[in-house]
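Try each task yourself before reading its solution.

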2 protein chains.
Amino acid sequence: MAVLVVGSIALDYIETPLDKIDNALGGSTTFIAIGASYFGGTVNIVGVVGDDFEDSHIKLLEKYNINLEGLQIVKDEKTFRYGCKYQPDMNVRDSLYTELNVFEKFNPVLPESYKNDSYVVLGNIDPVLQSNVLDQLKSPKFVICDTMNFWISIRKQELLDVIKRVDLLIINDSEAKELSGESNLIKAAEIVQGMGPKHLIIKKGEHGALLFSDGKIFSAPAFPVNNLVDPTGAGDSFAGGLAGYLNKTDDLSYENLKLAVVYGSVIASFCVDKFSTRGIEELNEAAIQKRFNEFKEIARF
Amino acid sequence: MAVLVVGSIALDYIETPLDKIDNALGGSTTFIAIGASYFGGTVNIVGVVGDDFEDSHIKLLEKYNINLEGLQIVKDEKTFRYGCKYQPDMNVRDSLYTELNVFEKFNPVLPESYKNDSYVVLGNIDPVLQSNVLDQLKSPKFVICDTMNFWISIRKQELLDVIKRVDLLIINDSEAKELSGESNLIKAAEIVQGMGPKHLIIKKGEHGALLFSDGKIFSAPAFPVNNLVDPTGAGDSFAGGLAGYLNKTDDLSYENLKLAVVYGSVIASFCVDKFSTRGIEELNEAAIQKRFNEFKEIARF
């Protein structure tokens with residue numbers, strides 16, 4: 001079975017207190033797709049780039065067996081570019097610039113061969129486009145949706161429309177509070193669940209993640225990271241690992257969803273270890289399983 | 001065996017977005033002692049109050065078999081009084097007033113019968129007094145120390161002196177960052193461990209707690225509280241439950257320390273459910289064990 005990933009593809013400038021990188025491969029699609037690729041099966045992506053998108057980036061995606069049939073390369077246009085700078089407390093980042101370029105007119109069109117995909121990840125893009133993607137799918141089995149505070153502010157109704165149609169909404173704690181208008185996280189989660197998604201995950205960065213499902217709550221620990229190099233893409237890697245694991249196991253029980261949350265956390269814990277996508281490159285099953293066991297040990301009592 | 005608790009005893013004014021209470025029993029000693037009392041064994045307290053301390057408060061402490069031999073009641077003086085107001089986001093509170101009164105000259109003197117106590121909780125007081133308590137003890141088996149950012153700011157050296165002598169330091173995440181000068185929590189924990197305590201617990205409020213011990217890390221989940229009534233005393237209840245459980249089991253292995261962290265979290269989860277000490281009154285073994293099992297279920301995968 002295949003995982004379908006629709007989101008952004010970007011070239012990032014990232015500055016941290018210790019280092020910086022420019023023209024780095026980024027965007028939600030990139031991190032989700034590479035994260036999902038480690039669990040076998042096909043990963044189909046839909047995205048758009050300009051002709052400044054280097055061949056080395058294409059080769060990198062192909063190396064992870066990511067199917068690029070849905071990748072549009074627009075001539076004489078530039079790829080979406082994003083620049084940000086992390087503060088000494090790396091939980092806080094300031095955007096430096098957002099050049100939408102070719103991404104401004106992004107209209108995700110699914111190749112015929114994608115329309116039967118079972119596991120779908122709607123990366124953080126305009127909820128109108130997320131709905132368009134759902135309209136093109138024949139009978140998706142499990143739809144995962146990410147979003148951000150920007151869309152909560154300016155596309156609230158469209159976001160609410162798409163949330164109703166998804167199986168799993170993944171947001172972070174501040175987005176949950178903003179979407180619900182409630183500062184208590186558990187109450188916020190109850191309100192967001194009332195908006196329609198079958199399951200809800202609230203990511204809490206260095207504090208792990210919470211899964212809300214059918215009246216039950218699972219608290220996944222965070223991996224203790226003492227050398228945070230670059231948090232960019234951590235949330236997307238999380239969604240990718242989670243989707244890849246679900247696609248591989250094809251088991252939507254609560255017990256297996258919990259494992260998917262931990263596998264997502266595993267991939268995210270590798271992501272923050274290096275700049276850009278480097279942290280999630282060159283992984284393998286043994287490294288992933290070893291980290292999974294470390295998560296188990298951290299939470300066991 | 002006995003748990004010795006030394007800290008503050010206060011009469012609190014507490015205002016939350018929904019309600020308020022005045023002349024409520026508070027102070028670290030109170031919450032620690034009641035929390036510890038549920039695990040059997042003797043709880044010996046040292047503290048000071050004025051003659052405005054109501055008989056009903058004395059009776060309440062006696063009801064939990066708390067030994068008051070070390071309680072000084074000073075005639076014609078007032079009990080320590082503290083007032084605070086919680087903001088709508090109840091993670092934030094503003095102090096309204098701090099009237100030290102009789103607590104200003106507090107000099108903890110241990111009754112002879114306390115000097116052989118094995119498990120000791122040094123509640124959040126001047127580190128100079130914490131050291132004085134340690135000097136009076138014959139051969140404590142396990143010393144737990146709490147503190148706060150106030151002492152980190154104005155009594156840094158004295159705090160470092162006492163930290164070196166304790167088995168377990170319990171602080172919250174912002175205190176860990178302030179004490180270490182490091183914003184990454186895991187790195188902060190490594191630095192604080194280097195200051196001498198055998199074990200370290202970092203409390204993260206709604207995000208649970210981390211235990212650092214001998215190069216290992218345990219992440220305890222938080223109980224999902226959707227109706228936070230009053231967070232006052234949660235940290236002290238945590239320390240009390242933890243100390244009570246250790247005193248009962250008298251097992252200082254890492255595996256048992258992890259269970260102690262969870263039992264501490266259990267008591268704290270009850271504490272925030274009602275105003276003042278009411279949340280940790282009228283508990284029993286069955287309720288505590290039921291909540292412990294809920295914690296297990298939340299973290300299990």
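**Exercise 1.** Find out which elements of chain A the buried residues of α6(A) pack against.

*Solution.* Keep in mind that you are looking at a predicted model.
- Step 1: Locate helix α6 of chain A, residues 173–180. Its buried residues are A:Glu175, A:Ala176, A:Lys177, A:Leu179 and A:Ser180.
- Step 2: Look at what surrounds them.
- Step 3: Follow the chain onward. Just after α6(A) comes A:Gly181, with a positive phi of about 70°.

How confident is the predictor here? The mean pLDDT of chain A is 97, and 100% of its residues reach 70 or more.

**Exercise 2.** Turn to chain B and describe how α6(B) and α7(B) pack.

*Solution.* 
- Step 1: Two packed helices are described by the angle between their axes and the distance between the axes.
- Step 2: For α6(B), residues 173–180, and α7(B), the axes come within 9 Å and cross at roughly 60°. Therefore α6(B) is oblique to α7(B).
- Step 3: The crossing of α6(B) past α7(B) is left-handed.
- Step 4: List the partners. From α6(B) come B:Asp173, B:Ala176, B:Lys177, B:Leu179 and B:Ser180, and from α7(B) come B:Leu185, B:Ala188, B:Ala189, B:Ile191 and B:Val192.
- Step 5: Sort them by type, and you get 7 nonpolar, 1 polar and 2 charged residues.

**Exercise 3.** Now try α8(B) and α9(B): what is the angle at which their axes cross, and what is the handedness?

*Solution.* 
- Step 1: The axes of α8(B), residues 234–249, and α9(B) come within 7 Å and cross at roughly 140°. So α8(B) is oblique to α9(B), since only angles over 145 degrees count as roughly antiparallel.
- Step 2: α8(B) passes α9(B) in a right-handed crossing.
- Step 3: Residues making this contact include B:Phe238 and B:Leu242 of α8(B) and B:Tyr263 and B:Ile267 of α9(B).
- Step 4: By type, the contact has 14 nonpolar and 7 polar residues, with no charged ones.

**Exercise 4.** Which parts of chain B supply residues to the side that touches chain A?

*Solution.* 
- Step 1: Count both sides: 25 residues come from chain B and 25 from chain A.
- Step 2: In chain B, α7 (185–193), β13 (216–220), α9 (254–271) and α10 (285–299) each supply at least two residues. The most come from α7(B), with 4 residues.
- Step 3: This side of chain B divides into 14 nonpolar, 5 polar and 6 charged residues.
- Step 4: For the complex, the predictor gives an ipTM of 0.94 and a pTM of 0.96.

Note on methods
Residues are numbered from 1 along each chain as its sequence is written. Chains are lettered from A and ligands numbered from 1 in the order in which they are written. This is a predicted model: local features need pLDDT of at least 70, side-chain atom pairs count only at pLDDT 80 or more; totals for chains, interfaces and linings use all residues. pLDDT is the predictor's confidence in each residue, from 0 to 100. Two residues are in contact if their C-beta atoms, placed from the backbone, lie within 7 Å. Ala, Val, Leu, Ile, Met, Phe, Trp, Tyr, Cys and Pro count as nonpolar, Asp, Glu, Lys and Arg as charged, and the others, Gly among them, as polar. Axes are lines fitted to C-alpha atoms, for helices over the stretch in contact, and angles run from 0 to 180 degrees between N-to-C directions. Angles under 35 degrees count as roughly parallel, over 145 as roughly antiparallel, 65 to 115 as roughly perpendicular and the rest as oblique. A crossing is left-handed if the near helix is turned anticlockwise from the far one by less than a right angle, and right-handed if clockwise. A residue is buried if 20 or more other C-beta atoms lie within 10 Å of its own, exposed if 12 or fewer, and partly exposed in between; C-beta atoms are placed from the backbone.
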